[in-house]
Amino acid sequence: GSEGESGVEMLKVLHFAHEVNYVNVDTSTLKGIQRAQDLNLVPSGLADVVISPLLHDGTTLFTPTRKGRLFTIFRNPIERAASLFYFIQDTQWKQPNSGNEQFASMTIEQFYEAGFAENNWMTRFLTNELTKGELTEEDLHIAKEVLRQKSLIGLLEEKGETFDRFQKYFGWRPKNGAEEECLAKKLEWAWPMKHRHPPVEKDSNAYILIRAQNLFDLQLYEYATELFKQQEQLFP
């Protein structure tokens, strides 16, 4: 935290290299979100973006007069699930300090057959039903409404158009040639956290297993692609 002369905790902008600035709050935890709320993060106007894995708790930072706009980049759920498995296996389970012998040598098929995989994560995330047993069609409907009413949709397979829309909507633009070059590089070949892994072929055993755990997310993804097309009219 940061304290003023009176000893009272205050919001402060922390400046890092390459003009990267952060406000001194942590919105990745419930405690951090509560602290940000107590310190009036949103009314302060210091932050352009709030990033949090706690979507519904994070919304408590906003008010009817200080509204937020959800924006996201969707990826095909089967591709996302496969990428997540291989990324964690290579960067954690196979590593000396964070290794897990059971998962380090496990195939993706074995991982899903053993019941370790997540189930319809995006639908659960949007509806705040991460621990619910079986999801229902009503849960899918609610998730779709959250996207339709609250979210600016981006698609990973349409990175260029997605970032162009984000920049236009929020008024974010590269300030100079170096920033333009950085953005182009990230979009074209140096995508952050990019991780190469074996592809999951359609109708393969792995594909069928992953699909069975993501039936609602696949429908949600199809709906997101429809919204992406509809939102084109926001950017004449």
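This is a predicted model: local features need pLDDT of at least 70, side-chain atom pairs count only at pLDDT 80 or more; totals for chains, interfaces and linings use all residues.

Biologist: OK. How many helices and strands does the chain have?

Modeller: The chain has 12 helices and 6 strands. Its C-alpha atoms fill a box of roughly 60 × 50 × 40 Å along the principal axes.

Biologist: And what share of the residues counts as buried?

Modeller: 30% of the 236 residues count as buried. On the contact side, if you take pairs at least 6 apart in sequence, 59% of those contacts join residues at least 24 apart.

Biologist: Let's do helix packing. At what angle do α8 and α12 pack?

Modeller: About 25°, with the axes 10 Å apart; α8 covers residues 137-150 and α12 covers 215-230. Roughly parallel is the label that angle gives the two, because the cut-off is under 35 degrees.

Biologist: Is the crossing left-handed or right-handed?

Modeller: α8 and α12 cross in a right-handed way.

Biologist: Which residues make the contact?

Modeller: From α8 you have Glu-137, Leu-140, Ala-143, Lys-144, Leu-147 and Arg-148. From α12, the partners are Phe-216, Gln-219, Leu-220, Tyr-223, Ala-224 and Leu-227. Sorted by class, the α8 and α12 contact has 8 nonpolar, 1 polar and 3 charged residues.

Biologist: Now the other pair, α4 and α11. How far apart are the axes?

Modeller: 10 Å apart, and the angle is about 105°. Here α4 is residues 77-93 and α11 is 205-212. That makes α4 and α11 roughly perpendicular, since the label runs from 65 to 115 degrees.

Biologist: What touches what there?

Modeller: Ile-78, Ala-81 and Ala-82 in α4 meet Tyr-207, Ile-210 and Arg-211 in α11. By class, that contact of α4 with α11 has 5 nonpolar, no polar and 1 charged residues.

Biologist: Switching to strands. Is β6 buried or exposed?

Modeller: β6, residues 151-155, is mostly covered, with 5 of its 5 residues buried. Ser-151, Ile-153 and Leu-155 point one way and Leu-152 and Gly-154 the other.

Biologist: Why that every-other-residue pattern?

Modeller: Because in a regular strand the side chains alternate between the two faces of the sheet.

Biologist: How many bridges join β5 to β6?

Modeller: There are 5 bridges, and the two strands run parallel. β5 is residues 70-74, and Phe-71 stands opposite Leu-152 in β6.

Biologist: Now backbone torsions. What's the phi of Asn-40?

Modeller: Asn-40 has a positive phi of about 60° even though it isn't a glycine. Most residues other than glycine have a negative phi. Asn-40 sits in the loop between α1 (30-38) and α2 (41-44), and at 43% relative accessibility it counts as partly exposed.

Biologist: And what about Asn-128, where is that one?

Modeller: Asn-128 is in the loop between α7 (121-127) and α8. Its phi is near 60°, again positive in a residue other than glycine. With a relative accessible area of 48%, Asn-128 is partly exposed.

Biologist: Last one. Is Gly-171 buried or exposed?

Modeller: Gly-171 counts as exposed, because its relative accessibility is 56% and the cut-off is over 50%. You'll find Gly-171 in the loop between α9 (159-170) and α10 (177-188).

Biologist: How far is Gly-171 from Glu-181?

Modeller: Gly-171 and Glu-181 are 18 Å apart, C-alpha to C-alpha, and 10 residues apart in sequence.

How values were computed
Residues are numbered from 1 along each chain as its sequence is written. Side-chain values use heavy atoms; hydrogens and water are left out. Axes are lines fitted to C-alpha atoms, for helices over the stretch in contact, and angles run from 0 to 180 degrees between N-to-C directions. Helices (H or I, at least four residues) and strands (E, at least two) are DSSP runs, numbered from the N terminus. Angles under 35 degrees count as roughly parallel, over 145 as roughly antiparallel, 65 to 115 as roughly perpendicular and the rest as oblique. A crossing is left-handed if the near helix is turned anticlockwise from the far one by less than a right angle, and right-handed if clockwise. Contact means heavy atoms within 4.5 Å. Ala, Val, Leu, Ile, Met, Phe, Trp, Tyr, Cys and Pro count as nonpolar, Asp, Glu, Lys and Arg as charged, and the others, Gly among them, as polar. Buried means under 20% relative accessible area, exposed over 50%, partly exposed in between (1.4 Å probe, protein chains only). Two strands pair if DSSP finds at least two bridges between them.
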